[in-house]
Amino acid sequence: MEPASVESLRVLFQSDDYIVVDKHWDIRIDSKMWYENNTVQAQLRHRFPQLADPSTYYGFRFCHQLDFSTSGALCVALNKAAAGQAYRCFKERTVTKAYLALLRGLVEEEIQTLDLSIGKNTSEGKTHMMCIDGTNGCENPKPCQTLLTVLEYGLYDGDPVTKVMLQPLTGRTHQLRVHCSAVGHPIVGDVTYSSGADNGPFRMMLHSHLLHIPLDPEPILVYAGDPFLPSVDLKWLPQRTLRPLKSTVDAMLEQRVHEQRRAKEMARDRERQEEEKRRKKCRKVDSEEMKRQCEDWLTEWAGDP
């Protein structure tokens, strides 16, 4: 519960190309404001001054984003080539992310896919927010899917809540927060999507627990712990466990790896089929050409005296 500081950076993984940190829940990734000097970028400069790249604005290349009030695994690339490789993984949606969250109320459907398009909110006073398709002022909505799995039921400060694992299958701004709010179970402590009403908790209860980036030749797989435990926050009181976190995450990751392996096999099969089509076409062209040459030769031979 301690506030973030420039000295309090927690490193989960480090290599020649990447650093993965456990972002604090009360710190921005970066900021252009001169007075905002308590950021992840400042933490990195403080801990690793020799790794800062002067050719970049912030000194470090962040491979993805986490909201100001979201904690957990955040990947940073240490050079341009590494950033490009990670960017391709995010663009091709081969990255696996799993978040932990406490949601208001008791979520009845234990495993569900939240499939709601999300767009920019253009309503007056809400331009910093996103919204689901069909709401007033929702601009340019795009398809978004989030897989929700219930882990535990319990109480937070006496009110019923549900601990869940959220797996974003797409990557839209505020996706998890908007999806959970849209189905009537906003994230505990999410002031923005509760219209300022849920301001009692000391933080928003959303945490990036797992990050898997299938880099070649060595993938990154990082776990950022579980901050939603009674030993960490006495206001959280679990009452009934449906699924242990570790086995749930392991099963999700195994399924995800299997799906990606299958997708690669299907892509290779398509490439082989295309290559075979090209070869058949070439053989056909060769055969027709040879046939024409033979016919020309026979015509010439028949005309000889």
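Buried means under 20% relative accessible area, exposed over 50%, and partly exposed in between (1.4 Å probe, protein chains only). By that cut-off, the buried residues of helix 1 are Val 40, Gln 41, Ala 42, Gln 43 and Leu 44. Helices (H or I, at least four residues) and strands (E, at least two) are DSSP runs, numbered from the N terminus.

This is a predicted model: local features need pLDDT of at least 70, side-chain atom pairs count only at pLDDT 80 or more, and totals for chains, interfaces and linings use all residues. Residues are numbered from 1 along each chain as its sequence is written, and side-chain values use heavy atoms, with hydrogens and water left out.

**Sheet 8-7-9**

- Three strands make an open sheet, in the order 8-7-9, with antiparallel pairing. Two strands pair if DSSP finds at least two bridges between them.
- Strand 8 (130–132) and strand 9 (138–142) are the edge strands, and each pairs on one side only.
- From one strand to the next, the twist averages 35 degrees.
- Three bridges join strand 7 (residues 118–121) to strand 9 in the antiparallel sense.

**Helix packing**

- Helix 3 (residues 175–182) lies across strand 7 and strand 8. Helix 3 runs at about 40 degrees to strand 8. Axes are lines fitted to C-alpha atoms, for helices over the stretch in contact, and angles run from 0 to 180 degrees between N-to-C directions.
- The buried residues of helix 1 pack against strand 2, strand 3 (61–62) and strand 4 (71–77). Contact means heavy atoms within 4.5 Å.

**Ile 118**

- Ile 118 belongs to strand 7 and stands opposite Lys 142 in strand 9.
- Ile 118 is buried, at a relative accessible area of 0%.
- Leaving out residues up to four places away in sequence, Ile 118 touches several residues, including Met 130, Cys 131, Ile 132, Lys 142, Val 178 and His 179.
- Gln 167 is 49 residues from Ile 118 along the chain, and their C-alpha atoms are separated by 16 Å.

**Cysteines**

- The structure holds zero disulfides. A disulfide is a pair of cysteine sulfur atoms within 2.5 Å.
- Cys 75 is in no disulfide; its nearest cysteine sulfur, that of Cys 63, is 3.8 Å away. Cys 75 is buried, with a relative accessible area of 0%.
- For Cys 131, the closest cysteine sulfur is in Cys 138, at 3.0 Å, too far for a bond. Cys 131 counts as buried at 7% relative accessibility.

**Aromatic pairs and a charge over a ring**

- The whole structure has two aromatic pairs. Rings of Phe, Tyr and Trp (its six-membered ring) pair if their centres lie within 6.5 Å; planes under 30 degrees apart count as stacked, over 60 as edge-to-face and the rest as tilted.
- Trp 25 and Phe 202 pair edge-to-face, with 5.2 Å centre to centre and 80 degrees between the planes. Trp 25 lies in the loop between strand 2 (18–23) and helix 1 (40–47), and Phe 202 in the loop between helix 3 and strand 12 (206–213), so this pair ties together parts 177 residues apart in sequence.
- Trp 25 is buried at 16% relative accessibility, while Phe 202 is partly exposed at 31%.
- Tyr 57 and Tyr 58 also pair edge-to-face, at 4.9 Å centre to centre and 80 degrees between the planes. Tyr 57 is exposed at 60% relative accessible area, whereas Tyr 58 is buried at 18%.
- The charged end of Arg 28 sits over the ring of Phe 68, 4.6 Å from its centre. A charge sits over a ring if NZ of Lys or CZ of Arg is within 6 Å of the ring centre and within 35 degrees of the ring normal.
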